[in-house]
Amino acid sequence: MRKDDMLVALINEAKEDVNAADEMIRTYMPFIKNETAKFLRRPVIEENDCELSIAMMAFYEAVQGYSQMRGAFFSYASVHIKSRLIDYARKERKHKNLTPLETADGDEDEMSVTDKLTDGSDHAEEFSERNAARSEIEKFTKELEEFGLSLSDVSDHCPQQQRTLEACRKALDYAKENQEILDEFLRTKRLPIAQLSLGGGVERKTLERHRKYMVALLLACTNGFEIIRGHIKLVLSSEKI
């Protein structure tokens with residue numbers, strides 16, 4: 001089997017099997033780190049750089065969204081990772097109430113996105129924020145596991161159509177307006193589909209098809225997951241749906 005065919009076979013397997021997807025991420029971690037380092041314009045520090053986690057999620061998304069019609073996989077994945085990292089950088093910039101971000105056009109002589117973000121910044125504050133983000137992601141991942149879910153499941157079940165996304169948002173808004181629903185959700189570890197459907201004015205089958213995604217959204221609205229909520233909004237706002 002040709003090398004390209006073997007890669008496509010791995011990608012197809014990873015689309016169907018979460019364990020295979022995790023293994024593919026581990027196998028190509030050097031590629032993911034290299035793409036992150038190119039964006040940061042310095043070596044990646046695993047303990048400090050949240051960008052690596054963003055790049056890992058972007059690589060997984062690239063695997064799930066890839067087809068041979070998109071060209072070479074690693075070129076496609078590279079563009080997807082860079083796009084996600086730029087989105088993340090913009091969010092961080094906005095969060096700090098700094099001036100609008102101007103991205104470089106690829107010229108090596110121009111200041112990079114990361115250069116502009118870190119120029120004159122408080123590195124101690126950045127380190128603290130990154131640690132907070134890492135801790136929150138770890139906590140969110142563990143709580144997802146209590147529902148039998150993983151971060152991969154969340155990505156797998158994101159709505160692909162605007163009307164579906166809007167339906168899920170209506171259900172989420174209803175839950176946020178009724179704290180007892182969120183409390184019961186956490187207590188029982190079950191998604192209250194009937195209540196969300198009736199209260200949010202959403203078709204039950206829509207919520208059933210996106211049960212895992214809705215679980216993640218509701219969970220993100222509990223226990224102070226402010227950073228996770230911001231990241232989910234960022235990802236959704238940049239999806240081509």
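Mentor: A nonpolar core is a set of buried Ala, Val, Leu, Ile, Met, Phe, Trp, Tyr and Cys residues joined through side-chain atoms within 4.5 Å. Buried means under 20% relative accessible area, exposed over 50%, and partly exposed in between (1.4 Å probe, protein chains only). This is a predicted model: local features need pLDDT of at least 70, side-chain atom pairs count only at pLDDT 80 or more, and totals for chains, interfaces and linings use all residues. Residues are numbered from 1 along each chain as its sequence is written, and side-chain values use heavy atoms, with hydrogens and water left out.

Trainee: Which residues of the largest nonpolar core touch the most other members?

Mentor: They are Phe140, Leu191, Leu196, Met214 and Leu218, in a core of 30 residues. Helices are DSSP runs of H or I, at least four residues, and strands are runs of E, at least two, numbered from the N terminus. H7 (123–146), H9 (162–177), H10 (179–188), H11 (193–200) and H13 (211–220) each supply at least two residues of this core. The largest share, eight residues, comes from H13.

Trainee: How should I read confidence?

Mentor: pLDDT is the predictor's confidence in each residue, from 0 to 100. The protein chain averages 78, and 75% of the residues score at least 70.

Trainee: Where does pLDDT stay under 50?

Mentor: That happens over residues 98–128. Where pLDDT is low, the predicted coordinates should not be read in detail.

Trainee: Which residues of H3 are buried?

Mentor: Met29, Phe31, Ile32, Glu35, Thr36, Ala37, Phe39 and Leu40 are.

Methods: Contact = heavy atoms within 4.5 Å.
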